[in-house]
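Please read these notes with the model open beside you. Each point takes up one part of the chain.

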Amino acid sequence: MLSTPANSAGSSAPTSPKTLGVFFCDFDGTITAEETFVGMVERVVPDLAAQILPDLFARRLSLRQGVRQLLEAMPAAAFTRILDYADQQPVRPGLAALMAWVEAQGMPFVVVSGGVQAMVEQVLAREGLRQRVAAIAAVQVQPKGDFMEVISPWEGGTELVEKAAVMAQYPQRPWIMAGDSVTDINMAIQADVVFARDRLQGYLDQIGKPYIPWETFFDIRDYLRQSPIRPMSHTNG
Ligand SMILES: [Mg+2]
């Protein structure tokens with residue numbers, strides 16, 4: 001488990017010094033084949049989702065405000081439904097193969113999600129891959145009274161999970177990332193090697209950040225297998 005910013009300062013380095021780079025992986029729409037967070041809020045709070053999601057995607061509303069609003073509007077009774085929904089979501093092909101390759105390189109595989117931690121845990125455990133993940137940084141929600149309580153140790157900037165702050169916990173370069181949508185923009189900007197699919201490609205086209213298109217984790221593994229990865233100095237923080 002990733003420590004929180006409050007108690008992690010310099011104490012226990014998350015990875016060993018010989019580690020060569022870090023693989024940061026989004027969850028919803030990246031590990032899961034479909035955009036699971038969107039699918040979940042559309043089912044649980046459909047009216048609010050219809051109102052808020054277009055503003056989130058158009059970046060008129062911050063993730064920090066919008067995602068929190070959506071999660072806090074969910075009835076507490078829906079919590080098990082959320083986990084059941086997550087449990088039905090297939091993962092994108094090649095995840096286990098990529099994780100094995102990343103592990104063989106001595107790189108930690110870190111899941112960085114702007115979505116719900118319990119959903120991430122549920123899917124990874126079902127696939128038998130939870131142990132392969134070095135850390136999960138995501139939003140914690142728990143039933144409290146009639147609604148959900150949102151606890152987000154990584155809240156910062158414009159994000160409910162400030163992905164760049166999570167990355168900064170891992171000084172080893174290169175930073176390799178895979179993502180698909182609006183919650184991955186800041187992570188992609190910071191990363192040295194970016195694998196982008198779906199909406200994320202359009203956002204990165206707008207700002208001129210180079211990326212490698214991908215659809216399955218086999219694509220990523222095969223690309224990385226063919227490209228030598230060397231330690232990189234920390235130059236562009
Ligand atoms: Mg995503």
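1. **Ground rules.** This is a predicted model, in which local features need pLDDT of at least 70 and side-chain atom pairs count only at pLDDT 80 or more, while totals for chains, interfaces and linings use all residues. Residues are numbered from 1 along each chain as its sequence is written.

2. **The whole chain.** The chain holds 11 helices and 7 strands. Helices (H or I, at least four residues) and strands (E, at least two) are DSSP runs, numbered from the N terminus. Of the 237 residues, 40% are buried. A residue is buried if 20 or more other C-beta atoms lie within 10 Å of its own, exposed if 12 or fewer, and partly exposed in between, with C-beta atoms placed from the backbone. Take the contacts with a separation of 6 or more: residues 24 or more positions apart account for 64% of them. Two residues are in contact if their C-beta atoms, placed from the backbone, lie within 7 Å.

3. **Helix α2 and its buried side.** Which residues of α2 are buried? In this helix (residues 36–44) they are Thr36, Phe37, Met40, Val41 and Val44. They cover an arc of only 125° around the axis, which puts them on the same side of α2. The arc is that of the directions from the helix axis to the C-beta atoms. The cover over these buried residues includes α3 (46–57), α4 (63–72), α5, β2 (109–116) and α7.

4. **α2 against α3.** Two packed helices are described by the angle between their axes and the distance between the axes. For α2 and α3 the angle is about 130°, and the axes are 5 Å apart. Axes are lines fitted to C-alpha atoms, for helices over the stretch in contact, and angles run from 0 to 180 degrees between N-to-C directions. The two helices are therefore oblique to each other. Angles under 35 degrees count as roughly parallel, over 145 as roughly antiparallel, 65 to 115 as roughly perpendicular and the rest as oblique. Val38, Val41, Glu42 and Arg43 of α2 meet Pro46, Ala49 and Leu53 of α3. By class, this contact has 5 nonpolar, no polar and 2 charged residues. Ala, Val, Leu, Ile, Met, Phe, Trp, Tyr, Cys and Pro count as nonpolar, Asp, Glu, Lys and Arg as charged, and the others, Gly among them, as polar.

5. **α2 against α5.** The axes of α2 and α5 come within 10 Å and cross at roughly 140°. That makes α2 oblique to α5. The crossing is right-handed. A crossing is left-handed if the near helix is turned anticlockwise from the far one by less than a right angle, and right-handed if clockwise. Thr36, Met40, Arg43 and Val44 of α2 make the contact with Arg81, Ile82, Tyr85 and Ala86 of α5. These residues divide into 5 nonpolar, 1 polar and 2 charged.

6. **α5 against α7.** Helix α5 (residues 79–87) also packs with helix α7 (residues 117–126): their axes come within 9 Å and cross at roughly 40°. α5 and α7 are therefore oblique to each other. This crossing is right-handed. On the α5 side the contact uses Ile82, Leu83, Ala86 and Asp87, and on the α7 side Ala118, Met119, Gln122, Val123 and Arg126. The division is 6 nonpolar, 1 polar and 2 charged.

7. **Helix α11.** In α11 (residues 217–226), Phe217, Ile220 and Leu224 are buried. They cover an arc of only 55° around the axis, which puts them on the same side of α11. The face turned away from that buried side carries the exposed residues Arg225 and Gln226. Among the elements covering the buried residues are α6 (95–104), β5 and β6.

8. **Backbone spots to check.** Most residues other than glycine have a negative phi, and most peptide bonds are trans. Arg59, in the loop between α3 and α4, has a positive phi near 65°. Arg59 is partly exposed, with 13 other C-beta atoms within 10 Å. Asp198, in the loop between β6 (193–196) and α10 (199–207), has a positive phi near 55°. Asp198 counts as partly exposed, with 15 C-beta neighbours inside 10 Å. The peptide bond from Arg173 to Pro174 is cis, with omega near 5°. Pro174 sits in the loop between α8 (163–167) and β5 (175–179).
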